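Please have the sequence and the three-dimensional view open while I talk, and turn the view to each place as I come to it.

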Amino acid sequence: MTTRVLIVDDDALVRVGLRTIVDAEPDLEVVAEAGDGAEVPPLVARHRPDVVLMDVRMPDVDGIQATRHLLTTAAVPPRVIVVTTFENDDYVYDALRAGASGFLLKRARPAEVVDAIRVVARGDSLLFPAAIRRLVAARGGSGGQATARLTAREAEVLKLMAAGLSNAEIAEQLVVGGETVKTHVGNVLAKLGARDRVQAVITAYESGFVTPAG
């Protein structure tokens with residue numbers, strides 16, 4: 001199946017570069033482009049992309065607003081990858097909190113771009129624990145008891161998620177089956193009210209359950 005991609009960036013040269021990278025892959029297709037977040041809702045409704053490459057800094061409606069709007073109003077929201085120049089940008093943090101499935105740097109290699117699209121298209125998240133630690137450390141945790149309802153095993157799983165382990169790696173670490181881990185991850189997301197692993201990990205750091213220092 002072909003993964004449909006919408007590119008959103010106010011820089012026409014960036015859009016051309018991303019389109020060239022994406023359209024070179026047989027399983028990926030750019031279905032539309034936008035120069036501002038304000039253009040995104042009608043384009044998503046018309047073209048139904050699977051993945052949106054979303055610039056975070058745009059002059060009218062930025063990537064944070066556009067991401068939040070998409071994920072709260074679209075009947076079947078696409079997955080969003082925010083694209084940024086600097087990984088420690090506050091905009092990245094806010095976009096991840098708004099529901100983006102991960103981020104890419106504008107200097108990412110073509111192979112990294114296509115791999116990221118494929119990862120989120122299949123329902124996974126682009127999780128960079130070190131980058132999230134830095135973002136949370138710079139802003140400070142907000143406290144709270146978001147993780148209080150987790151069982152002991154779910155808490156273990158969340159800590160391993162925060163370390164960047166995949167389900168298979170968590171299963172190996174805890175010596176349990178893959179389906180068991182999948183169930184625990186699902187329970188963690190449900191109890192934290194998280195859309196995906198990225199939001200769950202951010203909640204873990206913000207609540208103080210996991211600390212930026214490790």
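Predicted model: local features only at pLDDT ≥ 70, side-chain atom pairs only at ≥ 80, totals over all residues.

Let me begin with the overall division. The protein is split into domain 1, which covers 3–126, and domain 2, which covers 141–207. If you take the C-alpha centres of domain 1 and domain 2, they lie 25 Å apart. As for where the two meet, 14 residues of domain 1 are in contact with 7 residues of domain 2.

That brings me to the interior. As a general point, nonpolar side chains in soluble globular proteins tend to be buried together. In this model the largest nonpolar core has 52 residues, and the ones with the most contacts inside it are L6, V8, M54, L96, L158, M161 and I170. Helix α10, residues 197–206, supplies the largest share of this core, namely 6 residues. Apart from it lies another core, of 20 residues, and L28, V30, V114 and L126 are among them.

Leaving aside neighbours within four places in sequence, L96 is in contact with G102, F103, L135, V198, Q199 and I202. L135 has a relative accessibility of 3%, so it counts as buried. From L135 to V201 there are 66 residues along the chain, and their C-alpha atoms are separated by 12 Å.

Next, please turn to helix α10, where I would like to show you R197 and T203. Is R197 buried or exposed? With a relative accessibility of 16%, it counts as buried, because the cut-off for buried is under 20%. Not counting residues up to four places away in sequence, R197 touches S125, M161, L165, S166, N167, I170, V185 and L189. T203 is buried as well, at a relative accessible area of 18%. Although T203 and L96 are 107 residues apart in sequence, they are 11 Å apart in space, C-alpha to C-alpha.

Helix α7 holds L160, and this residue, with a relative accessible area of 14%, is buried. Once neighbours within four places in sequence are left aside, the contacts of L160 are L165, I170, Q173 and L174. For one of these, I170, which is 10 residues from L160 along the chain, the separation between the C-alpha atoms is 6.6 Å.

What is the phi of R48? It is near 50 degrees, a positive value in a residue other than glycine. V175 also has a positive phi, of about 55 degrees, although it is not a glycine. You will find V175 in the loop between α8 (167–174) and α9 (178–192), and with a relative accessible area of 72% it is exposed. A148 belongs to the loop between α6 and α7 (152–162), and it is exposed too, at a relative accessible area of 54%. A148 and G177 are 29 residues apart along the chain, and their C-alpha atoms are separated by 25 Å.

Rolling a probe the size of a water molecule over the atoms shows where empty space is left. In the second largest pocket there is about 260 Å³ of space. The elements that give two or more residues to the lining of this pocket are α2 (40–47), α3 (63–73) and α5 (110–121). How many residues line the second largest pocket, and which lie nearest its centre? There are 17 lining residues, of which V44, P49, V76, P77 and P78 lie nearest the centre. Sorted by class, the lining has 12 nonpolar, 2 polar and 3 charged residues.

Notes. Residues numbered from 1 in each chain as written. Heavy atoms only, no water. 1 Å grid on protein atoms, 1.4 Å probe; cavity = no way out; pocket = protein on both sides within 12 Å on 5 of 7 lines; lining within 4 Å. Points joined across faces, edges and corners; volume = space filled by probe spheres on them. Helix = DSSP H or I, 4+ residues; strand = E, 2+ residues; numbered from the N terminus. Nonpolar A, V, L, I, M, F, W, Y, C, P; charged D, E, K, R; others polar. Core = buried A, V, L, I, M, F, W, Y, C linked by side-chain atoms within 4.5 Å. Buried < 20%, exposed > 50% of the residue type's maximum accessible area, 1.4 Å probe, protein only. Contact = heavy atoms within 4.5 Å. Domains from an automatic or database assignment.
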